[in-house]
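Here is a short briefing on one protein model. Please look over the sequence and coordinates before reading on.

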Amino acid sequence: MVVDQFSERLAIVRHRFVSGLESKIEDTYHALPSMQGEKPDAAKATAESFRRIHGIVGVGPTVGFPSSGRTARLAENLLLPAYQAERGLSAEELLNFKKALHTLREAVQAELQLVYSSWR
């Protein structure tokens, strides 16, 4: 009984994670132009993106997305200095983060394909 309840709750968390995963990445892509510079809006956009990516880092491996979690950790680490300093990204940081975000998108798509094929 307890195992069944745990499995049910894990399935709910996993479904919720999967449902929001692609939109977190899309939202971060849309925020990229706003993340560069020293303006307060750049710091805000960077912080919001950091939190979105951090959510993937924290939950992904727990619900069966280990590659997405590892890749998200790399992207998160690129945002961390700007996030901690409450600033936007430099041009170089933004370029590196774009590359990491692209890699994250690929990892997520690969794992989602596995999930969707197992649901059939």
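**Burial and overall build**

Of the 120 residues in the protein chain, 37% count as buried (under 20% relative accessible area, with exposed meaning over 50% and partly exposed in between; 1.4 Å probe, protein chains only). The model is predicted: local features need pLDDT of at least 70, side-chain atom pairs count only at pLDDT 80 or more, and totals for chains, interfaces and linings use all residues. Residues are numbered from 1 along each chain as its sequence is written, and side-chain values use heavy atoms, leaving out hydrogens and water.

**Fold**
- The protein chain has four helices and zero strands (DSSP runs: H or I of at least four residues for helices, E of at least two for strands, numbered from the N terminus).
- Along the sequence the pattern reads α-α-α-α.
- Its C-alpha atoms fill a box of roughly 55 × 25 × 20 Å along the principal axes.
- Take contacts (heavy atoms within 4.5 Å) between residues at least 6 apart in sequence: 73% join residues at least 24 apart.

**Surface and charge**
- The protein chain exposes about 7,300 Å², and carbon and sulfur atoms supply 56% of that (Shrake-Rupley method, 1.4 Å probe; for residues, only the protein chains shown count as cover).
- The 15 positive and 14 negative charges have mean positions 2 Å apart (Lys and Arg positive, Asp and Glu negative, His and chain ends not counted; placed at NZ of Lys, CZ of Arg, CG of Asp or CD of Glu).

**Arg 52**
- Arg 52 sits in helix H2, residues 40-59.
- Arg 52 is buried yet has no salt bridge (a side-chain nitrogen of Lys or Arg within 4 Å of a carboxyl oxygen of Asp or Glu).
- The nearest side chain of opposite charge to Arg 52 is Glu 48, 4.8 Å away.
- Leaving aside neighbours within four places in sequence, Arg 52 contacts Lys 24, Asp 27, Thr 28 and Ala 31.
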